[in-house]
Amino acid sequence: MASTVGWLNFDAEQQRRTELMMAAIAEQGTIDELGLGDVRDLIARALHPGITVLQTRARYLVFLPHLYQSIQGSTTEALWENGRKREGTLVNDLNSYYREQGDDDDRGIIGRNRAEKAKQPASVAYWGLMRQLGILRLPKASVSDYCTALLTSRQHQAMAAGLHDDDLAPQSAAAFWSEFPAPDAKGSGFNLSHAEAEWLQERFVAAGAQYAEDERPLWAHLLSPQQQAWFPDVAYPWQHPGADQFPSRTREAMLLGRDLDQTIHGARVLYNYLCSAAQSLDHAHREEWVARYENAMQTWQDTTATDGLPSVERLDSLHEWAQLQLATRGTQLARMRVTKTIRFVKDWHQIATTSNNLLTDERAAELLKKRESFIKPGRARLANKDRMRDWNGSAGAGHFSYNWAVTSRLLTDIHRGLGTEFVEGDAA
């Protein structure tokens, strides 16, 4: 029986992890037709470790510890199911709160329409970040692992109580969590109280202190008590008015990310243009899509004509930086993939700086075709007309922000709770 329960929990947890991965892939910002995700994700982790595209609001970091500390059940599976049920109740409470406020926006409610049956509940999105911040004191533990540890702890406590032997009693369930303020789920939606905001500020800053001073994550730097103002409308981290004061090595990773985006954005636009132009002439949206990417290419070329493309030496610096990131935690295969990615970016750079018209340049089209075929053998659109049938008009045509939008949203919540002065508008 124990083996059966363990298998059921493993299967459920694996399903949740798969769903998390598929949800991330479905996000517009993470679509990776040209295989740039290996370098992009290294930069995102250097800037904002623990942040994912599925996170929405900071107060989930208060809701979830309170919810999961008190789940009930006599088996791991029962604890897991009770956790899902309580998350569903939280969804319903948040929906009710915002309906009462006359607010039709979901405001970041995860699982808004499916409650406890949501495929990607908030716990999946935030579990790793809670470990990162030391809110959850079980390193490398999934939700299922936590439920198993909680069940074992309670069984040992019951055994110790039955034997009247205090020496047998393990730590209580509260020891799995850092001390946290109890939220009122119905009272204020996602608005953090001052006490909650201060607690989260402390957690982020303390987690940042575990890094070298010049490698602290941006979330730790931007929540330090020395920050006197917050700029909620900054679109990219390198546009932040205080970017010159970011920790030096983190700042360099950020600038390498900016240079990668400035260089490769034209290739991503061209990929979308080629897919649009390949649609049948009578397709209802073909002309609209083609015009969209013609305009986007013109905008990119106007920008590069004014600012210039980053140098090839900067791309070499990006390659060196990425290899250093993988030196201790990456595989040889990962290092080889990065090398091939940078080679592709440099090939694009050479074409982009010599082409008279990228939209009609056969060299550029062939480069993207070969790259996509290498990344997605048998599934590449540019090499297979049949694959064009599932084209919906956009695939990763936006700029890379390296999870800045998510980080900014979480920090905005915390700074609002702290009462930090907000500087609205374009602060760049």
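## A walk through the chain

Helix H3 (residues 60-69) is mostly covered, with eight of its 10 residues buried. Those buried residues are Tyr60, Leu61, Val62, Phe63, Leu64, Pro65, Leu67 and Tyr68. Here, buried means under 20% relative accessible area, exposed means over 50%, and partly exposed lies in between (1.4 Å probe, protein chains only). Helices (H or I, at least four residues) and strands (E, at least two) are DSSP runs, numbered from the N terminus.

A word on the model itself: it is predicted, so local features need pLDDT of at least 70 and side-chain atom pairs count only at pLDDT 80 or more, while totals for chains, interfaces and linings use all residues. Residues are numbered from 1 along each chain as its sequence is written, and side-chain values use heavy atoms, with hydrogens and water left out.

Now for the chain as a whole. Its secondary structure comes to 14 helices and two strands, and 49% of its 428 residues count as buried. Taking contacts (heavy atoms within 4.5 Å) between residues at least 6 apart in sequence, 73% join residues at least 24 apart.

**Aromatic rings**

A pair of aromatic rings is described by the distance of the centres and the angle of the planes. Rings of Phe, Tyr and Trp (its six-membered ring) pair if their centres lie within 6.5 Å; planes under 30 degrees apart count as stacked, over 60 as edge-to-face and the rest as tilted. By this rule the count comes to 20 aromatic pairs. Tyr236 and Trp238 make a stacked pair, because their ring centres are 5.3 Å apart and their planes stand at 5°. A tilted pair is formed by Trp300 and Trp348, at 6.0 Å centre to centre and 40° between the planes. Trp300 lies in helix H10 (residues 286-307) and Trp348 in helix H12 (residues 332-352), so this pair ties together parts that are 48 residues apart in sequence.

| Residue | Relative accessible area | Class |
|---|---|---|
| Tyr236 | 21% | partly exposed |
| Trp238 | 18% | buried |
| Trp300 | 7% | buried |
| Trp348 | 0% | buried |

**Cysteines**

The structure holds zero disulfides, a disulfide being a pair of cysteine sulfur atoms within 2.5 Å. Cys147 is buried, with a relative accessible area of 0%, and Cys275 is buried with a value of 0%.

**Empty spaces**

Rolling a probe the size of a water molecule over the atoms shows where empty space is left. On a 1 Å grid over the protein atoms alone, a cavity is a set of points where a 1.4 Å probe fits but cannot get out, and a pocket is an open set with protein on both sides within 12 Å along at least five of seven lines; lining residues have an atom within 4 Å of a point. Grid points are joined across faces, edges and corners, and a volume is the space filled by probe spheres set on the points.

There are two cavities of 30 Å³ or more. The largest cavity has a volume of about 70 Å³, and of the 10 residues that line it, Glu33, Leu34, Arg268, Ala395 and Gly396 lie nearest its centre.

The second largest pocket has a volume of about 360 Å³. It is lined by 16 residues, and Arg45, Ala46, Glu215, Gln325 and Arg329 are the closest to its centre. Helix H9 gives the most to this lining, with four residues.
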